[in-house]
Amino acid sequence: MAQDSSAYPGVTGPISLAEPKPFDLELSDKLEEAMRPHGVFESEAELAHRMEVLSRINELVRDWIKDVSRQKNNIPENRINTFGGKVFTFGSYRLGVHTKGADIDTLCVAPRHVERSDFFKSFVELLKAQPEVKDLRAVEEAFVPVIKMTYDGIELDMLFARLALPTIPEDIDLRQETHLKNLDEKSVRSLNGCRVTDEILHLVPNKENFRMTLRAVKLWAKKKGVYSNVLGYLGGVSWAMLVARVCQLYPNAAPSTLVHRFFLVYSKWDWPAPVLLKPLDTENKLGFPVWDARVNPADRFHLMPIITPAYPQQNSTYNVTNSTRTTITEEFKDGLDIVTRIFEGREDWTALLEPSNFFHKYKHYIVLKASAEEEEHYLEWKGYVESKIRLLVGNLERNPYIKLAHVMPEAYGPINESEGQYMCKWFIGLVFHNTQTANIDLTYDIQSFSDAVHKTAMHINLFKEGMKVEITYLRKKQLTQYVPPHILAQGRPPKKKEGGRSSTPGEGRRSSVDKPPNSKAEPDAIREQSESRTSAAGEEDETSQESQVLDVSANANSVAEASNDTEHMQMEMSENPPSEAVSGDHTAGKESEEHNDLGSKRPGSPFSADTPPKRPKDVEQNLPSDDLPDLSSPQTGLPATGFVPLKNSIKLTLK
């Protein structure tokens with residue numbers, strides 16, 4: 001008997017209700033075994049320890065609310081125990097997909113007489129008195145204020161929400177929209193994490209299959225360097241919503257099939273068409289800002305919208321830029337290519353989980369260093385600088401000669417003592433448009449980033465003596481001076497097979513000097529038919545393009561050349577702030593700081609015309625048989641500083 005597709009959640013009905021075949025279940029078991037060596041599953045003892053820590057934190061919160069109540073309004077002692085208070089979890093732990101050593105996202109919910117200021121004062125003081133608490137940091141000025149700490153070896157991020165209720169019942173359901181009434185925006189944002197997580201679990205048809213698929217996708221995303229909301233990739237909740245949508249389309253499919261369908265769906269997705277788990281609300285009863293490109297013109301500039309299912313609906317990927325979207329979509333296509341070969345029996349799941357070839361992919365790199373003299377200052381400085389890297393990527397993207405600025409999310413520490421103890425490095429791979437000759441001036445791009453980092457750090461009183469930011473240009477061959485050998489060995493392209501063909505999928509797709517801005521990308525089908533020719537082009541990128549050199553030349557006031565073939569673009573944080581002639585108000589914690597990255601707000605992308613890899617003719621034997629329909633529906637109406645001059649200009653000459 002045919003099942004009623006309307007009984008399944010989602011903005012459309014399922015594509016297929018087919019049950020898994022024995023082959024699918026066997027591949028799912030193999031997928032689970034392939035993930036185990038990567039620490040994605042916790043033991044029973046580790047899980048029990050997490051639950052114990054959460055129980056102790058919950059007791060601390062209840063005791064703290066009692067103490068705050070005693071100090072306010074002469075509340076009688078017999079009412080003190082009735083106010084309640086509770087700690088909720090959200091994120092990967094609440095979804096059931098956390099890995100070994102992962103942090104736990106928590107939310108402290110308090111009654112109306114407990115203020116946010118109490119949370120960041122008296123509760124922080126209470127935490128400081130706990131011997132189990134280490135690395136305590138309170139970030140009250142953040143867009144979503146948070147307390148970060150390690151409690152008995154478990155990392156915790158704690159948010160705070162004050163409900164307009166006299167007491168907090170033990171069985172309170174945060175999914176109810178009535179709890180949002182009379183709340184400030186910071187409390188609504190803090191509650192949103194729990195509400196979104198619970199809504200996702202409510203909207204997936206099979207939670208166990210969803211969890212296994214999400215574990216695989218998150219592990220793949222981390223290995224490929226596309227897992228980081230702060231740097232413009234996708235964060236955990238965005239990956240969860242992408243997987244949840246595929247689970248809605250294939251409610252009975254096994255995890256192995258869902259992984260294949262995940263790559264198939266999103267390698268073909270017509271961005272910026274949004275991913276929705278439920279229809280957008282037509283009413284906005286409480287008046288909070290809601291994402292809707294039909295109504296809000298600014299929402300039409302988001303490049304890769306993935307919309308949270310809980311009111312008030314928001315785009316979880318507003319940080320995405322042209323470069324990060326291009327990187328993510330290319331990884332989707334490569335992932336589809338690999339999983340297709342897994343279903344054909346030509347690969348196993350370990351091929352999908354191989355590390356990124358980032359350090360072998362480009363000829364030109366920028367390294368951004370952040371350092372401090374004390375450990376406590378370094379932890380603050382590292383997180384702050386990381387939150388600003390999107391500004392640098394956006395500046396580079398807007399340079400007319402730069403086609404792609406690919407930032408690797410992982411930060412690497414010092415490789416020798418001379419680099420200092422408290423230092424980390426991020427790397428950005430650069431791709432230039434293919435021009436005969438060009439003088440590329442990065443002075444403004446780098447200087448405006450330095451101004452923003454420096455001025456905001458001074459404004460929020462974060463800057464301390466010894467904090468530094470240093471930017472250096474590198475050629476690929478110079479990476480050995482900055483990257484540990486075992487990292488460079490990861491993702492290294494294999495030796496060419498007979499006939500010059502590489503066995504690495506997608507190898508040779510990216511060169512450091514690419515096509516002109518208006519040139520049409522080579523269709524993937526043509527590229528696949530001439531794979532050996534593409535591999536040969538990749539070899540050429542390693543040899544003949546050595547003549548394409550980037551030089552840093554100083555201006556007339558320059559007194560020295562860069563040494564040992566390494567060009568430094570260095571902005572060190574000093575005690576003296578930039579000149580007050582710098583304009584612009586970089587106010588910490590405001591939404592403008594979080595959202596106004598112009599590089600992430602341009603409609604469309606020059607790479608959106610790329611087509612996904614062509615499916616091999618013999619794939620039909622083991623692949624799921626149902627074809628993918630048009631996924632563009634339902635339509636949502638979307639249309640497809642100041643400056644302080646450096647002492648030396650930063651100019652790159654492309655020859």
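Me: Before we dig in, which pLDDT do side-chain atom pairs need here?
Reply: Residues are numbered from 1 along each chain as its sequence is written, and side-chain values use heavy atoms, with hydrogens and water left out. The model is predicted, so to speak of local features takes pLDDT of at least 70, totals for chains, interfaces and linings use all residues, and side-chain atom pairs count only at pLDDT 80 or more.

Me: How far does helix 5 reach from its first C-alpha to its last?
Reply: Helices (H or I, at least four residues) and strands (E, at least two) are DSSP runs, numbered from the N terminus. Helix 5 covers residues 116–128, which makes 13 residues. The expected span is 1.5 Å times one less than the number of residues. For helix 5 that expectation is 18 Å, and the reach is close to it, at 18 Å.

Me: Which residues of helix 5 are buried?
Reply: Buried means under 20% relative accessible area, exposed over 50%, and partly exposed in between (1.4 Å probe, protein chains only). The cover over the buried part of helix 5 includes helix 2 (44–70), strand 2 (104–110), strand 3 (133–139), strand 4 (146–151), strand 5 (154–162) and helix 6 (185–203). The buried residues themselves are Arg116, Asp118, Phe119, Phe120, Phe123, Val124 and Leu127.

Me: What are the ring-centre distance and plane angle for Phe119 and Phe123?
Reply: Rings of Phe, Tyr and Trp (its six-membered ring) pair if their centres lie within 6.5 Å; planes under 30 degrees apart count as stacked, over 60 as edge-to-face and the rest as tilted. Phe119 and Phe123 are four residues apart in helix 5, so about one helical turn separates them. Phe119 has a relative accessible area of 0%, and Phe123 also comes out buried at 0%. The structure holds 31 aromatic pairs, and this one is stacked, with centres 5.3 Å apart and planes at 15°.

Me: Which residues do ring pairs link into a cluster with Tyr266 and Trp271?
Reply: Tyr266 is buried at 1% relative accessibility, and Trp271 is buried at 7%. The cluster linked by ring pairs holds Tyr266 and Trp271 along with Trp220, Trp239, Phe262, Phe263, Trp269 and Phe332.

Me: Is Val87 buried or exposed?
Reply: Val87 sits in strand 1 (residues 86–90). Contact means heavy atoms within 4.5 Å, and beyond four places in sequence Val87 is in contact with Ile57, Asn58, Val61, Thr106, Leu107 and Met158. Val87 and Met158 are 71 residues apart in sequence, yet 8.9 Å apart in space, C-alpha to C-alpha. With 12% relative accessibility, Val87 counts as buried.

Me: How many residues apart in sequence are Pro251 and Leu17?
Reply: Pro251 lies in the loop between helix 8 (236–249) and helix 9 (255–267), and its relative accessible area of 5% makes it buried. Not counting residues up to four places away, Pro251 touches Tyr8, Pro14, Ser16, Leu17, Pro205 and Asn206. The C-alpha atoms of Pro251 and Leu17 are 6.3 Å apart in space, while in sequence the two residues are separated by 234.

Me: How many salt bridges does a search of the whole structure find?
Reply: A salt bridge is a side-chain nitrogen of Lys or Arg within 4 Å of a carboxyl oxygen of Asp or Glu. One of them joins Glu42 and Arg50 (2.7 Å, N to O), with Glu42 partly exposed at 21% and Arg50 buried at 0%. Another joins Glu419 and Lys425 at 3.2 Å, and both of those residues are buried. The search of the whole structure finds 24.

Me: Which parts of the structure hold Arg56 and Glu132?
Reply: The side chains of Arg56 and Glu132 meet in a salt bridge (3.2 Å, N to O). Arg56 is partly exposed at 22%, and so is Glu132 at 24%. The pair ties together parts that are 76 residues apart in sequence, since Arg56 lies in helix 2 and Glu132 in the loop between helix 5 and strand 3.

Me: Which ring does the charged end of Arg36 sit over?
Reply: A charge sits over a ring if NZ of Lys or CZ of Arg is within 6 Å of the ring centre and within 35 degrees of the ring normal. Lys222 does this over the face of Tyr227, at 4.9 Å from the ring centre. For Arg36 the distance to the centre is 4.7 Å, and the ring belongs to Phe41.
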